[in-house]
Amino acid sequence: QVQLVESGGGSVQAGGSLRLSCAASGRTFSDYAVGWFRQGPGKEREFVAAISRGGGTPVYADSWKGQFTISRDNAKNIVYLHMTGLKPEDTAVYYCAARPLIFGSKSGSDYDYWGRGTQVTVSS
């Protein structure tokens, strides 16, 4: 098993940037694909981005192409989500999730382990 802890959230004005981190402990982190999801107020959980074990084949939701970047540092057991051009509608709790397969998935039900989330608030 692995344990996941998100950090890097906070308050930012529209147009600003944030870098979220997902730190893992337990078994070798390089054995797990990782995805980022978010849930805004009154909304269902939605997919943001995913990355494979080795850091290749990143996948993004269409709305974030060219604005969000997912990356990982397996030596430090950390996966990052760098976000730019943030908008008020990006306000949400952001979660990272992991599964012991090569590739990630756009479906939250495909993941075995979840962090508790980090709050991102974007003001006008």
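Does Ser105 count as buried or exposed, and at what relative accessibility? Here are a few notes on that and on its surroundings, bearing in mind that this is a predicted model.

1. Ser105 has 12% relative accessibility, so this residue counts as buried; the cut-off for that label is under 20%. To find Ser105, look in the loop that runs between strand S9 (92-99) and strand S10 (113-114).

2. What sits around Ser105? Leaving aside residues up to four places away in sequence, Ser105 touches Phe37, Phe47, Ala50, Arg99, Asp110 and Tyr111.

3. Now over to the largest nonpolar core, which has 28 residues; the members touching the most other members are Leu4, Trp36, Ile70, Val79, Leu81, Met83 and Tyr94. Elements giving two or more residues to this core include S1, S3, strand S4 (33-39), strand S8 (78-83) and strand S11 (118-123). A second core, separate and made of six residues, includes Phe37, Ala50, Ala61 and Tyr111.

4. Leu4 is worth a look of its own. Setting aside residues up to four places away in sequence, its contacts include Cys22, Phe29, Cys96, Tyr113 and Trp114. On strand S1 (residues 2-7), Leu4 belongs to the covered face together with Val2 and Glu6, while Gln3, Val5 and Ser7 make up the uncovered one.

5. Which strand does S1 pair with? S1 and strand S3 (residues 18-26) run antiparallel, with six bridges between them. Within S3, Ser21 is the residue opposite Ser7.

Methods. Residues numbered from 1 in each chain as written. Predicted model: local features only at pLDDT ≥ 70, side-chain atom pairs only at ≥ 80, totals over all residues. Heavy atoms only, no water. Buried < 20%, exposed > 50% of the residue type's maximum accessible area, 1.4 Å probe, protein only. Helix = DSSP H or I, 4+ residues; strand = E, 2+ residues; numbered from the N terminus. Pairing = 2+ DSSP bridges. Contact = heavy atoms within 4.5 Å. Core = buried A, V, L, I, M, F, W, Y, C linked by side-chain atoms within 4.5 Å.
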